[in-house]
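Below is a short briefing on one protein model, arranged by topic. Keep the structure open while reading.

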Amino acid sequence: MSLCIAGADILTDAKARFRRGAVLIEKGRIAAIGYGDDAQALKTRAASTMDANGRALIPGFVNAHHHSYANALRGTENALPLELWALYTVAYGRNIDEKLLRLAILTGAAEMLRNGVTGVIDHSPPVRRAAASFAAHVESGMRVSFAPFFHDTHDHDLLDFDMPVALRAGVEGLGFPPADLVADIFAQLAAADGGARVRILLGPNAPQRCSPGLLDLWARLRDQHGFGSHTHLLETRAQAIACARHWPDGIVAEMDRRGLLDERLAVAHGVWLTPKERDLLAARGVTVVHNPASNLMLGSGILPAADLRQRGVRMALGSDSANTGGSADPFELMRLATMIGRVGSDWESWLDAETAFAMATEGGAAAMGLRDEIGRIETGRLADLVLVDMAGTASTEAPSIETLVRHCGPAAVRATMVGGAWVYRDGKVLAFDESAIRRELADAAAEFRERCAGELAIAREAHRVFDPQLRALLGA
């Protein structure tokens with residue numbers, strides 16, 4: 001059924017002002033865009049018309065790095081560097097069953113839809129529960145690039161941390177899924193029906209956490225299934241130090257030697273990339289996903305975003321885990337991205353609002369593997385759209401990207417559309433029963449916390465053992 005969104009201030013170019021007009025949507029895609037008399041004509045072609053009442057119509061935001069399971073971990077430990085924080089998040093994560101995993105995914109989806117996020121990359125640790133995660137994403141109404149984890153090297157081994165044998169057994173738990181199981185899981189996902197919205201990416205945890213054999217599997221699965229890839233890369237200084245010890249030419253050079261750098265790859269963080277590595281990522285067309293809130297929360301560092309941009313690296317924005325990056329608010333992320341690199345730098349290189357908006361839309365589309373399908377309002381693209389009410393900004397200027405980024409927030413989002421279907425409108429998530437999900441999550445919380453007690457005791461002991469070794473590694 002066709003729909004005309006009429007009377008909207010349409011953004012069709014991130015560098016242009018908004019222009020009043022209408023958009024015709026047919027079969028989940030943008031069929032036509034019109035202004036003036038052409039806008040009136042589009043209304044006659046549609047089976048139904050929605051009056052936008054002068055609200056801004058923008059492409060949906062993309063959260064290009066997210067760990068959906070961690071929506072069940074809100075309020076847990078995060079005043080720690082990643083190497084210590086990870087002990088706790090892994091302890092909690094091991095106790096998330098399929099029921100809680102679904103609730104976590106849908107809780108995060110409801111928040112993102114309310115925030116104007118239409119697309120997300122879920123970099124998903126619970127690979128053994130990939131089928132349950134996939135089903136929840138289909139239920140969510142969002143556009144999802146689902147990237148299940150795989151890795152076979154522990155950080156404590158990479159960092160050369162010592163620990164008692166009994167503690168090691170507790171920290172490592174059941175161990176990693178074997179490579180043949182990983183291959184089977186991705187084969188099953190390749191055959192699964194995600195409709196038009198849910199697609200698969202390979203999700204190696206991080207290249208330094210993969211043995212040579214697993215790096216080979218990464219390349220083989222990519223070529224066999226045609227999947228793109230999503231991974232962490234050089235998030236912390238500790239990782240940079242350890243990688244320099246293990247790969248004298250650098251982990252990025254090793255990835256390039258193995259043919260893993262291409263335009264189908266998106267890497268999260270990249271805070272500690274060297275200038276040479278940034279140039280290499282630019283040359284290979286890799287997307288770097290900036291996670292400003294999470295990097296600040298864990299003290300990981302500040303991405304040299306202006307330098308990456310000057311070198312021609314394509315960039316996107318991500319919120320990371322809810323227990324590090326907060327509420328998956330694209331407005332907050334855009335503002336942070338423009339601000340955190342400014343102190344002490346040449347103001348001519350500062351990221352502006354237009355650049356941040358492009359990262360949150362077109363850059364995210366590229367990271368998802370949908371560069372030509374979403375991220376802009378253009379004829380033929382998928383109708384992943386958001387209506388934003390900028391009347392409350394009290395701006396004396398005409399609607400602009402500057403006003404949208406600096407002065408709007410989730411409260412300004414009036415409606416969110418994915419593939420031509422409204423999934424959030426007038427304060428209500430339409431894709432699923434949000435209230436029921438929140439009730440179920442609240443009911444499950446106490447039992448989940450109790451279930452985590454044993455694992456958390458191990459995490460606290462490992463924290464005590466790792467802390468001085470991490471300080472020594474960093475020279476603290």
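Ile121 stands opposite Ser145, a residue of strand β8. The strands concerned are β7 (residues 117-124) and β8 (residues 143-150), which run parallel and are joined by 6 bridges. The model is predicted.

**The parallel sheet**

- Strands of a sheet pair through backbone hydrogen bonds, either parallel or antiparallel.
- An open sheet is formed here by 8 strands, with parallel pairing.
- The order of the strands across this sheet is β6-β7-β8-β9-β10-β11-β12-β13.
- Because β6 (61-66) and β13 (314-317) each have a single partner strand, they stand at the edges, and one side of each is left without a neighbour in the sheet.
- From one strand to the next, the twist averages 25°.

- Strand β1 (residues 3-10) pairs with strand β2 (residues 19-26) in the antiparallel sense, over 6 bridges.
- Within this pairing, Ile10 has Arg19 in β2 as its bridge partner.
- Strand β2 is also joined to strand β3 (residues 29-34), by 5 bridges, and these two strands run antiparallel.
- Ile25 stands opposite Ile30, which belongs to β3.
- The hairpin of β2 and β3 has 2 residues between the strands, and Lys27 in this hairpin takes a positive phi near 50°.

**Other residues with positive phi**

- His269 is not a glycine, yet its phi is positive, at about 85°.
- His269 is found in strand β11 (residues 265-269).
- Is His269 buried or exposed? Its relative accessibility is 0%, so His269 counts as buried.
- Asp426 is not a glycine either, and its phi is positive at about 50°.
- The loop between β16 (421-425) and β17 (428-429) holds Asp426.
- Asp426 has a relative accessibility of 59% and therefore counts as exposed.

**Ser140 in helix α4**

- Ser140 is found in helix α4, which covers residues 130-140.
- The relative accessible area of Ser140 is 1%; this is under 20%, so the residue is buried.
- Which atom does the side chain of Ser140 reach at 2.7 Å? The side chain of Ser140 reaches the backbone oxygen of His137.
- Not counting residues up to four places away in sequence, Ser140 touches Leu106, Ala109, Leu113, Arg197, Ala431 and Phe432.

**Helix α9 and its cover**

- Helix α9 spans residues 237-246, and its buried residues are Ala238, Gln239, Ala240, Ile241, Ala242 and Cys243.
- These buried residues are covered by elements that include α2 (82-93), α5 (155-158), α10 (251-257) and α19 (453-474).

- Ile251 has its place in helix α10.
- With a relative accessibility of 2%, Ile251 counts as buried.
- Ile251 touches Pro207, Gln208, Leu233, Leu234, Cys243 and Glu277, not counting residues up to four places away in sequence.
- Between Ile251 and Leu273 the C-alpha to C-alpha distance is 9.7 Å, and the two are 22 residues apart in sequence.
- Leu308 has its place in helix α13 (residues 305-310).
- Leu308 counts as buried, at 0% relative accessibility.
- Leaving aside neighbours within four places in sequence, Leu308 is in contact with Arg278, Val288, Leu303, Val313 and Met315.
- Leu308 and Leu273 are 35 residues apart along the chain, and their C-alpha atoms are separated by 9.7 Å.

**The largest pocket**

- How much space lies in the largest pocket? The space in it is about 1200 Å³.
- The largest pocket is lined by 46 residues, and the closest to its centre are Val90, Arg94, Pro125, His151 and Phe176.
- At least two residues of the lining come from each of α2, β8, α5, α6 (165-172) and α19.
- Helix α2 supplies the largest share of the lining, 9 residues.

Note on methods
Residues are numbered from 1 along each chain as its sequence is written. This is a predicted model: local features need pLDDT of at least 70, side-chain atom pairs count only at pLDDT 80 or more; totals for chains, interfaces and linings use all residues. Side-chain values use heavy atoms; hydrogens and water are left out. Helices (H or I, at least four residues) and strands (E, at least two) are DSSP runs, numbered from the N terminus. Buried means under 20% relative accessible area, exposed over 50%, partly exposed in between (1.4 Å probe, protein chains only). A polar contact is a pair of N or O atoms within 3.5 Å; within protein, one must be able to donate a hydrogen and the other to accept it, and residues adjacent in sequence count only if both atoms are side-chain atoms. Contact means heavy atoms within 4.5 Å. Two strands pair if DSSP finds at least two bridges between them. Axes are lines fitted to C-alpha atoms, for helices over the stretch in contact, and angles run from 0 to 180 degrees between N-to-C directions. On a 1 Å grid over the protein atoms alone, a cavity is a set of points where a 1.4 Å probe fits but cannot get out, and a pocket is an open set with protein on both sides within 12 Å along at least five of seven lines; lining residues have an atom within 4 Å of a point. Grid points are joined across faces, edges and corners, and a volume is the space filled by probe spheres set on the points.
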